[in-house]
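Please find below a set of numbered points on this model. They are meant to be read alongside the coordinates.

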Amino acid sequence: MQSSSCHCYVRSLLRDIVFNMRNFGRGSNSLKSAETMRLILSIFCGVIFGLFIGISFPTSSLTKLNLTASIVSNFPIARDRNNVVSDEKLTDSSITRQNATDQLKIWVPSNPRGAELLPPGIVTSESDFYPRRLWGKPSEDLTSKPKYLVTFTVGVKQKHNIDAAVKKFSDDFTILLFHYDGKTTEWDEFEWSKRAIHVSARKQTKWWYAKRFLHPDIVAPYDYIFILDEDLGLEHFDAKEYIKLVKKHGLEISQPGLDPRRGTTWQMTKRRGDREVHTTTEEKPGWCKDPHLPPCAAFVEIMAPVFSRDAWRCVNDLVHGWGLDFALRKCVEPPHKKIGVVDAQWIVHQGVPSLGNEGQSKDGQAPWKGVRERCKKEWKMFQSRVENAEKAYFKSKGIDQS
């Protein structure tokens, strides 16, 4: 309504201006007419300017407000105050979000190393050698869980001897074969072999396999672990009876007695026919500085050792090869009572150098001689490592061994 009145007024004013211009100069007083025209033009320009301001007032007022805010914000004090408030809000919000995020993060120091970011309920640090099916319900895979593990390091030439040996172990044992000759399918003729675990790596010793494939967390389900050579005769051996005697006498590390008629080296490991087990012996003069230390006590050979679960967890960190039998005592206390030989269940060491023949002939020597020399060198290395490690430990504790 206001806009319509303004338009009418402008049109009327324009008619008056045009009329006056037409009559400009007709009157007697030209100067007076000129002054009148200037006044009229001034009024006209003022009206037009006012009309423009009136029509555009809402938009200009908003622009003015924005302009004013921008001008104010350009002053350093105002800008700093706005930034402080804004930064405080942003910081508070960031802290809140960060705290919420931190609360949702998982960190469990007691988890196995490297798994601290996982919730404990999903962490499974131990496993087993129990085979699973490729079909059916997972919960129905295991109809039984063997309590014991027996391993043999084998070549195909000894497969019939191993077949006879395996039959001395019941279904309560998991059978694990380490193949140093790389041949595995040749064992499929035996029914038990189809249920066994086979690991193949050419020209490696059983302790190489043991260190890599018998990790304590993998063999944790087994109460006892048998680590046997391939050239053993088990005609006089019964695995179940052996375990009964080991438990009865509290042996953590043991071995079956060896037939004394077949070239045994150590008095300690010879079978005695008048007892179930023995843990000490008398050796040749000068061989034993202490009757409670190897080879007079706390000693078994590495051809057929048997370890409890707890003992193996320690021995696995000692695994080396030749010389290991002299260091086993470090893993049990007291060793002269916890390490022994089971006489009532005995075996025959056949002495077949099958793995030795996998060595390399040099300077016309038989391959097994090179293997023997390597074993002696490793034994010296192992002795030095153990000695140096013990010295370093006692030194770090400020203990003088002398």
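**Notes on the model**

1. Helix α11 (residues 367–396) has 30 residues, so at 1.5 Å a residue it should span 44 Å, and the 44 Å between its end C-alpha atoms agrees with this. The expected span of a helix is 1.5 Å times one less than its number of residues. Helices (H or I, at least four residues) and strands (E, at least two) are DSSP runs, numbered from the N terminus.

2. On provenance: this is a predicted model, in which local features need pLDDT of at least 70 and side-chain atom pairs count only at pLDDT 80 or more, while totals for chains, interfaces and linings use all residues. Residues are numbered from 1 along each chain as its sequence is written, and side-chain values use heavy atoms, with hydrogens and water left out.

3. Overall content: the protein has 11 helices and nine strands. Of its 402 residues, 34% are buried, where buried means under 20% relative accessible area, exposed over 50%, and partly exposed in between (1.4 Å probe, protein chains only). Taking contacts between residues at least 6 apart in sequence, 69% join residues at least 24 apart; contact here means heavy atoms within 4.5 Å.

4. Burial along α11: Cys-375, Phe-382 and Val-386 are the buried residues of this helix. The cover over them includes α9 (324–327). After α11 comes Gly-398, with a positive phi near 70 degrees.

5. Nonpolar cores: the largest has 39 residues, and the members that touch the most others are Trp-207, Leu-214, Ile-253 and Trp-312. At least two residues of this core come from each of β2, β3 (197–200), α6 (206–213), β4 (224–228), α8, α9, β9 (339–349) and α11. A second, separate core has 35 residues, including Phe-237, Met-303, Val-306 and Ile-347. A nonpolar core is a set of buried Ala, Val, Leu, Ile, Met, Phe, Trp, Tyr and Cys residues joined through side-chain atoms within 4.5 Å.

6. Surroundings of Ile-253: which residues does Ile-253 touch, not counting those up to four places away in sequence? The list is Val-300, Val-306, Phe-307, Ala-311, Val-315, Leu-328, Val-332, Lys-338, Ile-339 and Gly-340.

7. Val-319: this residue sits in the loop between α8 (309–315) and α9. Is Val-319 buried or exposed? Val-319 has a relative accessible area of 13% and is therefore buried. Leaving aside neighbours within four places in sequence, Val-319 is in contact with Trp-207, Lys-211, Trp-312 and Leu-324.

8. Thr-174: this residue belongs to strand β2 (residues 173–179). Thr-174 counts as buried because its relative accessible area is 8%. Not counting residues up to four places away in sequence, Thr-174 touches Phe-129, Tyr-130, Pro-146, Tyr-148, Leu-149, Val-150, Ile-197 and Tyr-222.

9. A cavity is a set of points, on a 1 Å grid over the protein atoms alone, where a 1.4 Å probe fits but cannot get out; lining residues have an atom within 4 Å of a point. Grid points are joined across faces, edges and corners, and a volume is the space filled by probe spheres set on the points. The count is one cavity of 30 Å³ or more, and the largest cavity has a volume of about 40 Å³. Its lining consists of Phe-226, Leu-228, Leu-232, Leu-234, Phe-237, Pro-256, Ala-304, Val-306 and Ile-347. These lining residues divide into nine nonpolar, no polar and no charged, with Ala, Val, Leu, Ile, Met, Phe, Trp, Tyr, Cys and Pro counted as nonpolar, Asp, Glu, Lys and Arg as charged, and the others, Gly among them, as polar.

10. Backbone points to check: a cis peptide bond joins Pro-294 and Pro-295, with omega about 0 degrees, and Pro-295 lies in the loop between β7 (277–278) and β8 (306–308). In that loop is also Ala-298, a non-glycine residue with a positive phi of about 55 degrees. Ala-298 is buried, with a relative accessible area of 0%. Another cis peptide bond joins Glu-333 and Pro-334, with omega about -15 degrees; Pro-334 lies in the loop between α9 and α10 (335–338).

Definitions and conventions. On a 1 Å grid over the protein atoms alone, a cavity is a set of points where a 1.4 Å probe fits but cannot get out, and a pocket is an open set with protein on both sides within 12 Å along at least five of seven lines; lining residues have an atom within 4 Å of a point.
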